[in-house]
Amino acid sequence: MATLLKKPLKLALVQLATGPDKSANLSRARSRVLEAANKGASLIVLPECFNSPYGCQYFPKYAETLLPSPPSKENSPSFHALSDLAKETNAYLLGGSIPEYETSSKKYFNTSLMFNPKGELIATHRKVHLFDIDIPGKITFKESEILSPGNKVTLVDLPEYGKIALAICYDIRFPELATIAARKQCFLLLYPGAFNLTTGALHWSLQARARAMDNQVYVGLCSPARDMEASYNAWGHSMVVDPNAAVMSEARESEEIVYGDLKEETIQQTRKGIPLYNQRRFDVYPDVSEGKIKLKE
């Protein structure tokens, strides 16, 4: 059985409280990332829209231009804040997501940026599946009114540790992304996400545990903290789930950092006990990881 996680990794999910002041959000994020790094985290994750309020009415106002890369500090203060912070903490840093504006296409995206401990950008993921739902009497939300979707699966190699996969929020509802990542030897699936009080209560924990169970990998979901005075109320409950679908750590609703110590032996033990990887019937159904997969925009 192939080794997926080369050495133990301490994961931190920063359930950040955000508000309308972008500079204050970046400052708050810095403080909490430094705290996580001081606790020994080598991979630190911020939530979806960590630099702004979440909502279609906010995306254009808070959007930053990321291309050509690297952008200027004027065009993307969040990019440079994340890069500097990754270098300062000597940690891998996933900047949750930020609203992005692409000048060439005049389109907006919901975009994750990942930096290595040198402060170098190593991955970008644009949300592939846009959050368009209508639950009568509960919530109607249509990201597609403002945002355009990304067009690729995002896998990232962390040389000291192994491969991980990045996706954003609603992407978790589409198990193909997770299955492809697991079949491509990822040990961890990361989802910055802002589920709400309706969808969070229904499916947040269920989705995290399902993706872990189906693929026998670690899963991390990182939410903004809940703010009942905001126009959109995030669910909170950021969590780390192990390959056997057990919740290792879970936040409540307010600002908090949760941690998970990820180990290769947990993956191996899970897969030996329930050997799904030797039991799949690709003579009966297709292997989605061998299909036409887009790894570039």
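User: Why is Tyr 58 called partly exposed?

Analyst: Its relative accessible area is 23%. Buried means under 20%, exposed over 50%, and partly exposed in between (1.4 Å probe, protein chains only). Tyr 58 at 23% is therefore partly exposed. This is a predicted model: local features need pLDDT of at least 70, side-chain atom pairs count only at pLDDT 80 or more, and totals for chains, interfaces and linings use all residues. Residues are numbered from 1 along each chain as its sequence is written, and side-chain values use heavy atoms, with hydrogens and water left out.

User: What makes Tyr 62 buried?

Analyst: Tyr 62 has 5% relative accessibility, so it counts as buried.

User: How many aromatic pairs does the structure hold?

Analyst: There are 13. One of them joins Tyr 58 and Tyr 62, edge-to-face, with 6.3 Å centre to centre and 70 degrees between the planes. Rings of Phe, Tyr and Trp (its six-membered ring) pair if their centres lie within 6.5 Å; planes under 30 degrees apart count as stacked, over 60 as edge-to-face and the rest as tilted.

User: Why is the pair of Tyr 101 and Tyr 108 called tilted?

Analyst: The ring centres of Tyr 101 and Tyr 108 are 4.9 Å apart and the planes stand at 45 degrees, so the pair is tilted. Tyr 101 is partly exposed at 22%. Tyr 108 is also partly exposed, at 22%.

User: What charge sits over the ring of Tyr 277?

Analyst: The charged end of Arg 280 does, 4.6 Å from the ring centre. Arg 271 also lies over the face of Tyr 277, at 4.0 Å. The label requires NZ of Lys or CZ of Arg within 6 Å of the ring centre and within 35 degrees of the ring normal.
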